[in-house]
Amino acid sequence: MKYVHEFRDGARIRTTIDEIRRSVSRPWTIMEICGGQTHSIVKHGLDEMLPREIRLVHGPGCPVCVTPLATIDRAIAIASRPDVTFVSFGDMLRVPGSTTDLLRVKSAGGDVRIVYSPLDAVRLAQKVPDRQVVFFGIGFETTAPANAMAVLQAARLGLTNFSMLVSHVLVPPAIEALLGSPDNLVQAFLTAGHVCTVMGWTEYEPIAVRYGVPLVVTGFEPLDIVQGALMAVRQLERGRAEVENQYTRSVSREGNRAARDVLARVFRVCDREWRGIGRIPGSGFRLSEPFAAFDAERRFRTDAAAPETTSACIAGLVLRGRKKPSECPAFGTLCTPDRPLGAPMVSSEGACAAYYHFRRYQPAMK
Amino acid sequence: MTNAVDLSCPLPLTDTARVLLGHGSGGRMSADLVRRVFLPRFTNAYLDRLDDQAVVDVGGQRLAFTTDSFVVKPLFFPGGDIGTLAVNGTVNDLAMSGARPLYLSAAFILEEGLPLDDLARIADSMRAACQAAGVLLVTGDTKVVDRGSGDQCFINTSGIGVVEHPWILSADRARPGDRVVLSGTIGDHGMAVMSRREGLEFETEIASDTAPLHGLVAAMLEATSEIHFLRDPTRGGLAATLNEVALASDVGIEIDETRIPVRPGVQAACELLGLDPLYVANEGKLVAVVAESAADTVLARMRRHPLGAEASIVGVVTETHPKMVVMATGVGGRRVVDLHPGEILPRIC
C-alpha cells in the first residue's frame, strides 16, 4: 500500500537506527507529542529497537486523555436529555465521568451515536429537525478544521437544532507548559505531524529559541519516527535547537492556509484545563462570537461542575513525560483497560493503554 | 507505593446494570458476560469447555451440536449476505470439531416492513449455501416483531454434524513446539461489511470471505492425526482466537507479522478506519494448532485446497510468556497481541 509499506520497511528502519547509534554519545530524553505516535512506537516495538541512550517519553497528545472531567460530565448531562441526539468520535464513549460514561447513557436509552466525521452530525441534524443534535468537538488542531467546517455548514444551512460541545486543545502552549515546569526532563520534541499539516511550524520557532530545544515535525509511520528521532539526536549532539521537518510529504512551514482561515473564523483562543496537567493559558479553542449560537454549553445550561482534583495522580506524571506507564505501581494490576484508573488507560491513543496492549510481556520477562 | 484510592482520576464503572454493546463484541466483555450470567446457571462438562460447539455422545455416536445468531448490518454486502453467513457460520462451527455437518435449523426474527423481496433473496442465498455445504435445512421458525423492535432481519441457525474420527480438538490442547497455521488472508469479511457501512470505495472491492470450511478440515484430518485445535476466527479476529488458545492451554504464542497475509484493500480500509486486521472478523478462514512434526504436511495439504491456497505457518506455541500472544512486528520489533476489551464496532455477523 503506497505511503504505508515504504514507511514500514524493516531494512530502512534498521539502517536509520544504526545511524542513531553512531550519532549518539550520551543519554537524551525525547518526547513524542502525539498519541498516534506513541501508539505507533509501542505497536511496532520501536522504543526497544532504539539504542539505550535514547529515552522516548510520551507526551500529552491524546485528546481523550486530557479532556477534563467537568467537560465529560457536561457531555453526559447533555447526552442524557430526551430531546438530544449526542454525536461523538467513538473513543470518548468509554471515558468515565464522575458517575457514568456515554456508553452507559446509551444503554440506558440515551441517543448516543458514533461518527467518523463531524459533517455526518450536520447531515443528521438536517434529517431529524425535531431533535437537538449535539456534536462533541474534541481534539487538537488536527480535528479542529473539520469541526469548524461542520459549524460553518450548519450556519449556512440555517440549522437551529445543531450545536457543538467544544473542548479543543492546542499543542504549542502545552509544550511551553512542559518546558516551563521546573521538573522538566524533556530535551527534544517530536511534534505531531498532522497538527503541523494544518498549522505549519512557525509557532514552534520561538519555542526552540526561548527554551533551546530541538523540535522535529514528525510523521506517524515507524520510519517517520526513527527518522525524526535521528534528526533530534543530531541536533542535540551538535548543540543545535531548531525546528526541522521530517514529515515533508505532508507539512509545509505555513501549513494549510485554507484550514487555518476556517479556524480563525470559527474559533477563538481561550484558556483550557488539561486533565492531569492543569490550566494552561491560551491552550484551547472556543467558538467565536458570530457562532456562539452553536455553543452547546450556552444552549444547554448544565450545572456539571465536578471539582477537578489535583492529587498525586500518576496519569499527570505520564502525560508530562515524568514517568513511563510501566513505572506506575497500579499499571497492569489495579489499572487495566477494563478497569482504568486514569484516562491514558482508556483511550486507544493513551500511553498507558498502548503499553498495556503491546508491552505487557516486559514485566513477565524481567 | 501509591494507593489506588488516592488516584485522582475517577474510578470507572466496572460493573454495569445493563447490557452494553461491548458485551457482544467477542472480546473480554463478552467472556465476562458468559462467565457471570450463563456459566454458573448451566454449568456442565460440555458447556464448561466454552468451545464453539459441543461434541456429545448419542448412542455411541459422537455428534457435534452448535447454534449461532446473525445480526449483521447491512443485510447485503459484497461477497454475501446475512443468509450466506447464517449457513456458513454454523457449518463452520461444526467443522471446527472435525465434524461432517448434516442438518441445520433456521429461525427468523423479522421486523414489520421488511421487503418480501429481501427475504426471498436471503432465503435463496441460504438455499445455495446449504447446497454448497451439502447440508439440509430440516426445521425452522418465523417470528415478526413491531417496526422499531428489531433491525429488519435477525437469523438464528443451529446445526448437527457427525464426528467420524476419534480425536478431540480443543483450545486447551496446544503444546509448546506446536505450529500455528492460518488458512489465508485475514480481515476480509469485517472490512467488506464496514466499508459498505462507511461508504468507502477502493480500487478493488473488498468482498467477504464467507465460505464453508468442512471440506478443508476433512482434507487436513486425512493428512494427519496431529491437529490439536481448529477455530474459525470470526468476531474478535485472529487475535481473539490466539489469545483463547494461549489462555486455555496455559502456553505462550509467538507470531510473525510478515507471515500473516492481508489483502491490500483490507489493509487500506483498516488504516483509514484506524483498525488492526488482527482484530477484524473472518467468515471463511481457520486457524489450526498442529504438532511440529505434522505442520509441513498439513500446510501442503491445505495449499492444495481452494480455501487454503494462501495458507501459512504464522507462529509457534512456546513455554515462555504463558497466556500471552507476542508478535514479531514487520519492522523488527516485538509487541503483545492482546484480547480487545470490548470494542465499539458495528455489527458484522
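Which residues touch the most other members of the largest nonpolar core? In this predicted model, local features need pLDDT of at least 70 and side-chain atom pairs count only at pLDDT 80 or more, while totals for chains, interfaces and linings use all residues. Residues are numbered from 1 along each chain as its sequence is written, and chains are lettered from A in the order in which they are written.

**View 1. The largest nonpolar core.** Among its 207 residues, Ala229(A), Val181(B), Ala288(B), Val298(B) and Val325(B) touch the most other members. Helix α12 (residues 222-238) of chain A supplies the largest share, nine residues. Such a core is a set of buried Ala, Val, Leu, Ile, Met, Phe, Trp, Tyr and Cys residues joined through C-beta atoms within 7 Å, where buried means that 20 or more other C-beta atoms, placed from the backbone, lie within 10 Å of the residue's own.

**View 2. The open sheet of chain A.** Five strands pair in parallel in the order β2-β1-β7-β8-β9, pairing requiring at least two DSSP bridges and strands being DSSP runs (E) of at least two residues, helices runs (H or I) of at least four, numbered from the N terminus. Because β2 (54-61) and β9 (243-245) of chain A each have a single partner strand, one side of each is left without a neighbour in the sheet.

**View 3. Pairing of β1(A) with β2(A).** Strand β1 (residues 28-34) of chain A joins β2(A) in the parallel sense over six bridges, and the bridge partner of Glu32(A) in β2(A) is His58(A).

Terms used:
Buried ≥ 20, exposed ≤ 12 C-beta atoms within 10 Å, placed from the backbone.
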